[in-house]
Each structure stands twice: as C-alpha cells, then as structure tokens.
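Here is a short report on a fold, a helix pair and a chain contact. Please look over the structure before reading on.

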Amino acid sequence: MRTVYYRDAVREAIDEEMARDPSVLVLGEDMGPNGGTWKETRGLWEKYGDLRMKDTPISESGFVGMSVGMALTGLRPVAKVMFSDFMLVAMDQIANQMAKITYMSGGQMPVPMVLRTTIGLGRSSAAQHSQNLNAVIAHFPGLKIAVPSNARTAKGLLKTAIRDNDPVIVVENRLHYGRQFELPDEGEEEELIPLGKAAVLHEGADLTVVSCSEPVNTCLRVAAEFEKDGIGIEVIDLQSIRPLDRETIIRSVKKTGRLLLVDEGYTSFGITGEIALSIMPDVFYDLDAPIMRLCSPDVPVPFSPALEKLIIPDENRIREAIRKML
Amino acid sequence: MGKVVIMPKLGYTQDEGELIEWYKAEGETVRKGEAFFEVQTDKTVIRVDATEDGTVLKLLAEPGTMMPVFTPIAVVGQPGENPEEILRSGQAEGASASAAVSAPSTEPGSSAAAAEDSEAEDKTIRMTPRARRFAAEQQLDLKEIAGIKGTGYEGGITERDIKASPLARKMAPDLGVDLRAVQGSGVQGKIRKADVLRAAAAAAAQEKPGLRIAEETPYRGTRRVIGERLSGSKREVPHAYFSDSVDTGKLTALRSLINEEGEYRVSISDLLIVAAAKALRRYPGMNVSLQGDRILRYESINIGTAVAGKAGLIVPVVKNVQDKTLRQIAAETRELFPRAQKGQLRPEEYSGGTFTVSNLGMTGIEDFCAIVNPPEAGILAVSAIRKKPVVVTGEDGEDRIEIRPMMNIRLSADHRLVDGLLAAQFVHEIRRLLEEPTLLLL
Amino acid sequence: MQTEESKSLLRAMYANMLRIRRFEEEVFEFYKCGKMPGLAHLYIGEEAVATGACAVLRADDYVSSTHRGHGHLIARGADLRKMMAEILGRQDGYCHGKGGSMHIMDMSLGILGANGIVGGGIPIATGAAYSCRYRGTDQVVLCFFGDGASNEGTFHESLNMAAAWDLPVVYIIENNQYGITVNINRVTREHDLSKRAAAYGIDGVSVDGNDVLAVYHAVEKAVDNARAGKGPTLIECRTYRQHGHNGNDNGAYRAAGELEHWLSRDPILLFEQKDYLDPEERENVRAQVEAEIRDACEFARNSPEPAPETLMEGIFYEGGEHR
C-alpha cells in the first residue's frame, strides 16, 4: 500500500484511462493549463494537449450538452461541473438529454460519458456552493451515480465510470482532494470498482449505518468507538447510489434489525427516505427499531462556520442517533 | 375440552413467579395430584400439582422466565386437541383458566380481571416487527411478552428483549453452550456471539488439566433455595455440637415387636420423632426460634425429618407431635415421606417445623454433623447402628465388654439460643428415651 | 442548374418536399382520427428548409433536429415506415414506441435525434462537431432549430464555443415566425436573426426559407467552409408554419391575411411555378411519393403495439460492447 492524496488518485484514474483509450477526453472549467480546480488533473493538459484537456467557457448547459453529442459520436467525454450546485444550470442536458436519450431512442444508442462534480460541507461555501444534490440527480432513470468516500473508491469508481456505456455522474468530495488515503501500489493490478455495489467497511451485529461520501468516514470513527463498548455497528459505504445495492443493505439489516441512514443532503425527499422505503418490504419483519436517518436539516446551507457546523452529520450527531436506536 | 394452566398466585403479595422447572414435557401424560411444575416466588420454591388428568399439549414458558401471575403457562388436554384453540377459549373464559392447577390462596376475582387486562394489552402491546415475528416463530404468548419492559425505541419491546442474538442462538448448540447459563454482555444483557464464545472457551479451559466435566447443571430451583438457606445458616448460626452413643438393642426390639403385632408399622424414623418430641417437651428451651430480635418458644412441637427427594433435600414436617400417638405419627409419615421423595409436598407440608431429625442410619455412616435448619434451634444427626464392643457394668458391679448395637447421635444447636448444659441434657434425654423405648409409648 | 446532375438533384428535392408534405398530411389524418397519440408538430410549409439543407450533406455528416423534426428526418433519408410506426407508437418504429414523434433517432444516417426540448439539441450538435474535429474527420454537422430556440441560452453557449474552436457545424434557424403562438416580432427587437452571428465573430446569412434552392446554396457555402475548417455559420431561413403549433389550433394569433400570403408562397408551389421539372415528371414523382406514403402508413397501421415486457428495456444501453 502507498499513501496518496485523493486528488492524485483522481488524476491517476483519468490519466490511465486517457492513455488506454484515445476516445477519452476531458472538458470543463479550469481543466486545461490550470490542471483542475483542485489540481486533480495537474499535468494532463501538458501530456495530452488542448483538444483532449479542454477548458470551456462558463457554460455548463453548453458543455454538458456537447458531451452528450460527443458521446453519441464515438467519444468518451469526462465533463467536470465544478460544484454540484452548478448542475442545476445544466439540468436540461443532464436530466432530459443525457439520462434519456438511450431510452427515448428505443435503446439504439449508448451515451458513454462521465460527469464529475463535487460536494462537501464544512468550507463556508454557503447555499450555492455546498449543496449535496445526489437526491436530485438520483431521481432520474437512466443515470448512474457513483459517490466515492476515499481515494481508492474515487479512482476505482471513476475508471469504471469512464468505461461504462451509460452516463455516470461521479460525485467527488472537495474535502478529500487535499487528504491522504491508502491506495494499492502502482503497478499492481488496476482496481475497477463496480457500479451498483456497496461495501461493508466495518462489521457489526447491533446496528447498520448506511452512508456515502465523507459521512462514511465519520461513521467509521463512531463505529470504532462503539466497538470498545462491545456494540457492533456495521458501516456500509454505498459507493453507488444508482444503481442502489439494495441486497447488501438488506442483508445487513436482516442481521442487525436496525438501520440508520446518514447523508449530507437535505433531509426531506432525500436518498435516505428512498433507501428506507425501497428496502422496507424486504426487512419489515427484521426491524427491531424504526429506520432512522440523519441528514442536513431542511435549510439552505448557511455561510457562517458557527451555523454550518450545526447541519453537518458529525460524530456527535451520529453517536446520538445510534444511541437513540439501541 | 382441555385446560389452560396459569402461573398461580401463591402468596398474597405475589404478582409474578419464576418458572423453575417442568416435571412433565410436552406430550407426556400428567395425573391429577402429580407434581407438574415448580415455581419460585419471592419467598420460596413451590411445587404445583396437576388437578386434572390429561396430556401436556403445550408448555408456554421456558424454565427461568418470570411470568406475571394468572398468565397461561401450559395447556393440558387430550391428545390431538389444538392447544391454540384451548388457549383462546381458556383466555376467553378468564377465571376458569386457573382451574387446572391447585393454586393456594388464589383469588378468582382478580384472576378474571387480570385476564381481561392482558387481553386488552395484546392489542396495544408496543413491539417491533422483528420481535413480533420472533414471538410468532417461537409461538410465544403475547401476554407473556406484554409483561416485559421494552428497551427498544421509545420503550418498545424488541427481539433482544425476548432472546439472545440470532448468531448466539445459532452458535450455542454447536458449541455445547447452554444459553440459560450464559451472562449476556450486550446492550441490556443481550447474549451475543462473543458471550457464547466466551462461555465455550471457559468450558474448554475448565476441561484442561485432568479435570473433565461430566455434566453441568444450573444452580437453581430447590437446590439453590436449600443451598442459600444452609450457607446462610452456617454463616449466621454459631453451631455447637453435642454427641452421644446410644445402645439401640431395646429400640429395635420394640420396633420389631410392634411390627410383628401387625396392627401398624413403625420405622426408626417414627421412633426418633417421638423421642425428639418427648425430649423437647422435657426441655422446652430447645423448642425455640430466633425471629429478628425476638426469641419464640413454641408450644407446638413440629418435627421435621430430612428426606432425600427427587430434586434435593426436602423436610416433611409432622405437626404437633406432642398431641399424637406413635400410631398416628407412623400413619402420617407413611403417607408423607413417599410424596416427599417424589417431590409432591405442598408448601405447608414442609414448612413450620420447630426441630429436625436427620437420619442417615440406612447409609451405614458412623457419625456426621448436620447444619441447623433455620429458624429452628437444633437438628439431630442420627447415624447408623453398628455392633460395637461396649464396657457394660453388670448388676454385680463388674465391668465387662459386651457387643452392643450402638448408634451415634449428634445434636447441632444454635448456640445463641441454646446453652451447652441444656444441649447436653437434651442429648442425654434422647439417649435415655431411645435406650428405654417403652418410655416412648407413655 | 441545367446539367443532368442538377436535374436529378432538383427531382430529388421536389420528391423530398412532396414526401414531407404528404407524410405530414397523413400524420395529421392519424392525429385527427385519434390514431396518433400525443402531439403532432407538423412541418408543413417549411419543407424547403430541410430539403435544401440536407441535399448538401454527405452520407457521413450529422444532423440534429427538433420537436418539429419529421421534415429533417425525411430529408436525411429516414425510413418512412419506421418513422410512421414510431409516430403511431408501434413496436416497429425507430424507437420501438419509446420515443414517439419528438424523439426519433437514426445514428446510421447521422441523425442525432429529434428533441422535445426547445434548444436542447444545439449543444449536442456542437459536441458532435467537436467530435469531428477530435477524430480528425471532415464531417459536418447541420443543426436545425427554430426562432424560438434562438432565444434559449444553449443557442448562445453553443455558438460561442463553436466559434471559439472553429467547429464544423452549420446552425440553421428555421424562422417560422412563431414560438408556439407568439410571433417572433413581439419578443425580439432585432428581426434579422442572422445578425446574431456577428456577436460570435462568425458568418451569418438570412435566406428565403421557402425557396429550396436559396437554402441549398446558402447551406452549401456554409458546409464547404465548415468542412474546410473555417468554423461555423449561422443561417436564418425565413419560412412559415402553416399549421398550428401542434395538432390543430384556430390560428387566432395570426395577423389578417398572413396565412393567405404565406400559402401563396408555399415552398412546393414556388418550386412548381419555376418549371424546373415538366408536369409529366412532377406527376411521376407525385405517384412515386404517394406509393411510398401509402406503404409507410400501411406498415405503421399493421405494426403491433409494443409488448408490456419491453417497458423497462433500454433504460441503459443493452447493446453489449460499445467501442
């Protein structure tokens, strides 16, 4: 194992895929000489040239739509929408075009493209630069959505996404780019993490916690604490929220009888409610407590750190939520 | 139509009882008057007899579970009858559900009320879906569950409230671990995988250096009640011992004479009861009991006799021996002792003693010390009759050695209540009565 | 236009305009008698735009279309049977009944798809043009949209990027005067829509969209430039939507005499008045088109409805390995 920055794991994924497949190109704001907003594509413009590492104007609808056109005509574009919030600007292209063309055309054409975007609470980025819109994008049939929680999954999921024949939105976390994680050594067999597969990162028999992105890491710390008290918390990293790996969640809940869903998105009409209800018929008689959730409250993300910290599902809030259910 | 057996209310203040043991398994037949199960109240362990003949169709309570009084614990009926149906109609009947067991001091009125209460509770019981499924799978009675204090979300009853973890349950039989003997370390004492593993490891460790366990039985029920009573006695009561050796030549001759006459039969035990009673009458200071800060001296002379029963030591008591003839006593013990051996005594038949005789003569033992059975003040240990050389002073004043059938007796006395002199006099009196047994017939 | 080659082109263009006209008339018939589900956005009156523009293209070029897209698809050579079957929501349609009138697509003909969202196809066409550049081919993209879409953000975003990077795409505004029921003059100050090209530093031209040859020549020049790497062109084709926005409406929004004026300038009528083809030849073409249309309608009518088990098919690509 080696220790790498998350941003470098992302870069490795893109670099390896561009080297492997000449139809792969990158476009988006700051993706050229700047090397990515978070330096996650540093050096690739120099390596692959301007046509393959394309800086776009600030035209999210335009360049996402262009990516659809590229995907229909033999390319595998990897577009970057800097902040999750900006996907809303490009929503017609994402939801009406990218997601639906395959079905609308009667399955004639794949739309093999990747849309990278970012989330991440805790940076005082306020209401238009902090939203977790996973629930919004996950709502549309035809999209696949990967949400890595560390460098290994960021790399493995992105590589899989680029090779996938359907549109995949990869939701990275801004807090992770400058953080170091463990990654298999270079030269080892490349890891392609399948879409639609969740991972049990910590086993336990008393309660299941399901989450994605940064809260997964928070949940792991809380689970380690509970373990000292002899309480087994099973932590599941969704890795993909669409397709949703219901089987892994169901298997765990059948074991523990208790499910807490943790998400940084808004509480109401979010992915937690969806997961809970989608597994309910399978786990109803296994439940020993109501399924509970811990999300951001239904409020636009506030700016002041004093306020923003109140909405983050942190260790204390997760611990409290677990205690309430045990 | 079968009968629903309920947890009897055995004491005025009792509102729940722990089911200690079933004497009958599902499918076995049970006869009226036969011991059916054993219940521990907050005060004592009580055997409960069946009041109907029938087949045990269903047992609804596991040994070791606390059950509110009046809740169904078993169904007795004819083979082929549906226990669920009987249960339903039995519950509907309410008070009549108690008919299948003899339940001392049961109050039928409150029984009906309680049955109605738990009926209503059935519907409103807050229980998780998982717990409900478990209850259904295990065919647990919801009324039984209704009494459980839930530890789940907002006080709901969860699966762990009624069982060990699934993994623990699954592993236990494979590892030879008895879950009832395992202390849970999980939340609210839930038995978890780790607990089962620990129990299995402890058992394995115990087995190691040349120490093999043949059997492991839980320390509970009658044995535990007796055990706690004895250790309490040994801790609290300053025991003083007084022994003597009795020539039983005339005693056995008298016994043979009576038995040969054939009007009734007596045993050595009967003669010992009479001897003890007569000695107590002469030395009433022995017929006492320490009750808190008061010493009671009894008018009644109630002699208990230690009997080895099915589930451990049991002490049937012959009451008011001072008013009874040997013949009456013999008749009483002939009825009482076999039932004691089978564990079929009612609580009043083994309580209320003022003095105990423990006769191990039939075992051939030379001598032993007994532990005082509180709150009594003394117990007489009686050993085997053995032929021994004894120095006898003849009428001519000459000492000579004779072979005599000798028997050791040893009094254990509560030295707080009984002084040494009194105890010695009492023992001597017993010896005198046994060596001149015609006195017993006076 | 007097060579044999040009004669056959004129014949083909005439046939195509007739084909579109007759196809749309049959669609409207199906619509009126309840056999066509959904909405019928008819291309009647605008046939010269698609016909003239597509006549310029090579087989490997791309076309992106709109909600009023039947004409573009027919001009590009789409299978009339599969089109009509799709419009009726049948199993044998282009999209097996999943897409309908507004979502017909045929990548074998380079048709990037009709599009239900006004302005939705413009960035997609632009991306296809980037793809041509990227792959180093000299393919060209024709991007059709209406005057309504020219006021969508995607129009500006796309023209800006195509211009910045000299992408091989020709943007064709079919100015049929109406965005639904609103006349373009009521919502836009500058009525000469091709002037917008200047904002992006590219060529812009406005032509009579009912004159098939005028369209042809304008597009031919633009396509040549695009193919030569000289970047995009914006062409405004001024035409008229003779029918309502979708299906039928009473046309109360039209100015008095407006419809009559445009009917007198009907693109097929204008073509016939020019006597490019003699009456006998025109009659032959008509008969041939009539046969094609009858065959397509017959095929569509006889095609089964899609089976229920196909409902969830094709949400994701199931075609196996994709290069």
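## Basis

This is a predicted model: local features need pLDDT of at least 70, side-chain atom pairs count only at pLDDT 80 or more, and totals for chains, interfaces and linings use all residues. Residues are numbered from 1 along each chain as its sequence is written, while chains are lettered from A and ligands numbered from 1 in the order in which they are written.

## Chain A

Chain A holds twelve helices and 14 strands. These are DSSP runs numbered from the N terminus (helices: H or I, at least four residues; strands: E, at least two). Of its 326 residues, 60% count as buried, with 20 or more other C-beta atoms within 10 Å of their own, C-beta atoms being placed from the backbone.

Contacts pair residues whose C-beta atoms, placed from the backbone, lie within 7 Å. Among contacts in chain A with a separation of 6 or more, 80% join residues 24 or more positions apart.

## Helices 3 and 4

In chain A, helix 3 (residues 60-72) packs on helix 4 (residues 91-98) at about 25°, with axes 8 Å apart. Axes are lines fitted to C-alpha atoms over the stretch in contact, and angles run from 0 to 180 degrees between N-to-C directions. The two helices of chain A are therefore roughly parallel (under 35 degrees).

Helix 3 of chain A contributes A:S61, A:V64, A:G65 and A:V68; helix 4 of chain A contributes A:D92, A:Q93, A:I94, A:Q97 and A:M98.

## Chains C and A

Chain C gives 38 residues to the contact and chain A gives 36. Helix 5 (121-135) and helix 6 (153-164) of chain C each give two or more residues to the side touching chain A. Helix 5 of chain C supplies the largest share of that side, ten residues.

Conventions:
Parallel < 35°, antiparallel > 145°, perpendicular 65-115°, else oblique. Contact = placed C-beta atoms within 7 Å. Buried ≥ 20, exposed ≤ 12 C-beta atoms within 10 Å, placed from the backbone.
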